[in-house]
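User: I would like to learn how to read pockets. Please show me with an example.

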Amino acid sequence: MTAEYFELIDATWAPAEMREAGGWMLRRGAGGGQRVSAASQVAEDAEIGFAEAEMAAMGQKPLFMIRPDDGELDAALDRRGYAVKDPVAVLASTPDALEPARAGRSVVVSDGILAVQAEIWAQGGIGPERLAVMGRAACPTRTLLGRDGDVPAATAFMGIHEGIAMLHGLEVLPAHRGKGLGKLMMAGAARVAQEAGAREIAVLVVRDNVGASALYNSLGMGERTGYHYRTAPDPKGE
């Protein structure tokens, strides 16, 4: 059932506000990115214009999340000139399949965000607004710090909801890439998921992110579902 993965996304990567109105689930992102700002349809008779007005009132450009069963909405937005943006795959595996024992002492687990992790994320373009998203998650959370020898070199955030752990914001510093730290971080995440009793560990990957897709495919993570966004056309036609 794919619905549980969309519930997982909202639980582990939390909007500043999320409310249901007019047949839509509306999200206020507070600068935290697309995932926490997009509207999703919850009723077949939901009017697109209502969602557009609500998002405008929040100071957000209209943005819709299109899930596998949203074909009619997708077509309707296409007719309105909305463009497809960032198709995303939801991948998952059992924690034991990711060799959690490999993490050893090279991956440090914390309940909060350490200053060095914030620095690593900042170098990857994950700033205060997205760190605030991590802080809003009401589910159990962990952060992971990966080391290359004694040097902090990678970080990631994990939330756990209804028996599934979802990893977000995996970032490896450029100078330390190509050394297997991505796999090491996933092994550490698998260890955390196992300790929490999670039956699955999941990630989100933009389909054209070749490097991340290669990492997750090499680990045998399988696609569970996917989605894309539809973004409003520029009002000036530019």
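User: What volume does the second largest pocket have?

Analyst: Rolling a probe the size of a water molecule over the atoms shows where empty space is left. Here, the second largest pocket has a volume of about 290 Å³. A pocket is an open set of points on a 1 Å grid over the protein atoms alone, where a 1.4 Å probe fits, with protein on both sides within 12 Å along at least five of seven lines. Its volume is the space filled by probe spheres set on the points. This is a predicted model: local features need pLDDT of at least 70, side-chain atom pairs pLDDT 80 or more, while totals for chains, interfaces and linings use all residues. Residues are numbered from 1 along each chain, and side-chain values use heavy atoms, without hydrogens and water.

User: Which residues lie closest to the centre of the second largest pocket?

Analyst: Lining residues have an atom within 4 Å of a point. The second largest pocket has 15 of them, with T2, A3, F6, E7 and R67 closest to its centre. The helix α1 (a DSSP run of H or I, at least four residues) gives the most to this lining, five residues.

User: How large is the volume of the largest pocket?

Analyst: About 1000 Å³. Its lining has 35 residues; G169, L170, L204, N209 and A212 lie nearest the centre.

User: Which element gives the most to the lining of the largest pocket?

Analyst: The strand β9 (a DSSP run of E, at least two residues), with six residues. β9 spans 164-172.
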